[in-house]
Amino acid sequence: MVRCVILALFLSLSCTKPSLAEGFSLEEIAPGVFAHQGQTALMNGGNIGDIANLGAIVGDDAVAVIDTGGSLIEGRQFLAALQQKAAKPIRYVINTHAHPDHIFGNGAFVAPDVTFVGHRNLPRALAARGQFYLESFRAAMGEALDGVTIVAPTLTVDETMTLDMGGRKIVLTAWRTSHSDCDLTVLDQRTGTLFAGDLLFLQHVPVVDGSLLGFLDVAEQLAKIPATRVVPGHGPMVAPWPKALDDERAYLTRLTSDLRAAIKKGDNVADAARVAGQSERGGWRLFDDYNGRNATAGFAELEWDAP
Amino acid sequence: MTKSCSRRGPGVAAFLVCLGFWSVAVAQTPAPPDPWPDLARDLFQSRPMAMDEAVALEAPTRAEDAAIVPMTLHLKAAGLRQATLVIDQNPMPMAAAFTFGENAGVTFMSTRVRVNSYTNVHVVEETGDGALHAQVKFVKAAGGCSAPAVKNLDEAAAHLGQMKYREFKSVEAGRREAQIMIRHPNNSGMQMDQLTHLYIPAHYIDKVEVRQGGDLIFSMEGGISLSEDPNFRFSYAPNGAKTITVEAHDTKGNVFKQEWPIGEAS
């Protein structure tokens, strides 16, 4: 049996490597900047967790990977596709935050010369949530979850950090609690391409897993970043900047004002969560999967501000 | 490549056989057993419970946010003394045990809990004569990246023990409605750090007492199933007292106290 497993693993690795990359889209959206578009869906076995946008920036000496996907399988596909497009070694794997669809592929990139990079709070978030994510996603992902491990960053960003890929500098910025408590953005200065992680949702309804007010504030700060295009965490692969922020800001503003009105009126959280933000329903996908949650957490946050 | 691929057939077949064994093993994993009989024994000494209308539980069929699931206990029995909220499948199922003052007149209690997985939620009400009344509801866990963890750990630590009091117009005659909020991460201690394999230490509110003047409205003994920033909204029968006082204790020995004037309108 052991021999059969080893033989099978050897054969599957040696045979399937080219086909790993084949089904995986990875486009050059600007010179030396690559992006992959995830599906707008919830993670499941059928989509192997491939629901988030991923990216890579290639310098003269090295490559930086931005997020790794929602399973080890997807991470390996991404790695294989990237190796076909870029001959340089991967030096950094940057995680934009702690959510499973962005980090479950990390294991595919673990190698002696690869440094994992994240927000100063990312190790803490992975410690608090990693085990729960591994357990709770088994039901939806089935065997597609096999082999997923939690890989934490060894290089963390307090505020900003510049990494050099060889003739190409990228700027990492750690933000206050907003979408989550460990959001990081990556700006490629040469092409003005911003990887916003889940600080930017397009088409996919924004998800608030940190602070509603923080998210609104950070969205305003983000708009000042001198970029020309953005890769959102979810939605189209690339979008114009900063116009891409408009829909998200409209949603977060509406949700906040609805919740504030409900709290002022004395509504309870369950009633408020059923109606807040509903006028935005038509503009977003997966609205019913996340709006109630955003409203529930937003209510609990905003009621501390009430008189 | 061609050479190794020519051997692909038998290799893949062997691989599938191995997978097959694995799948069978997974399929045979039994569903989690119903923990309620053990919980009823441990928490209520297996005393008989009437599943009747003397108590009702308002809970969502699907938890929107695993960390903040609103629950309302409607307490209708005369001679109400205690009410216990149990999240059967949580690591620490006893979420909150409320004890009510003799003439407190509490008719409902809303709070917020964490829900780890698909679970039954029980509310058990005890009256002065020792009779138990119970209701149960099934709650589906939240999907996606929703975790029963603290959302903003920096914020939680910075404001530890801060409290807020709100009053609302009561729809019931002879009752007032109030809300007590306490800033606290209510860290569960059940999360294992995947990197160090150490458990993050628990730190949570384990006792709260709320009084009007000197009279007890309710006290609560709670655990890690209560959401961060424990929150209680309830009705009570006013006794004419001018102030509401709250005393809360946590598992690190911190004591948080606060007092507010009771408003004139009810």
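In strand E3 of chain A, A:Gly55 is the bridge partner of A:Ala35. Strand E2, residues 33-36 of chain A, is joined to strand E3, residues 54-58 of chain A, by four bridges, and the two run antiparallel. Two strands are taken to pair if DSSP finds at least two bridges between them. A:Val33 stands opposite A:Ile57 of E3(A).

The model is predicted: local features need pLDDT of at least 70 and side-chain atom pairs count only at pLDDT 80 or more, whereas totals for chains, interfaces and linings use all residues. Residues are numbered from 1 along each chain as its sequence is written, while chains are lettered from A and ligands numbered from 1 in the order in which they are written.

A residue is called buried if 20 or more other C-beta atoms lie within 10 Å of its own, exposed if 12 or fewer do, and partly exposed in between, with C-beta atoms placed from the backbone.

Strand E2(A) also pairs with E1(A), in the antiparallel sense and over three bridges. Within this pairing, A:Val33 of E2(A) is the bridge partner of A:Ala30. The two strands form a hairpin with two residues between them, and A:Gly32 in the turn has a positive phi of about 75 degrees.

These pairings belong to an open sheet of seven strands in chain A, in the order E1-E2-E3-E4-E5-E6-E7, with mixed pairing. Strands E1 (27-30) and E7 (155-157) of chain A stand at the edges; each has a single partner strand, so one side of each is left without a neighbour in the sheet. Strands of a sheet pair through backbone hydrogen bonds, either parallel or antiparallel.

Elsewhere in chain A, A:Gln84 lies in helix H2, residues 72-85. A:Gln84 counts as partly exposed because 14 C-beta neighbours lie inside 10 Å. The C-alpha atoms of A:Gln84 and A:Ala21 are separated by 7.9 Å, although the two residues are 63 residues apart along the chain.

Chain B contains four helices and 15 strands. Of the 266 residues in chain B, 40% are buried.
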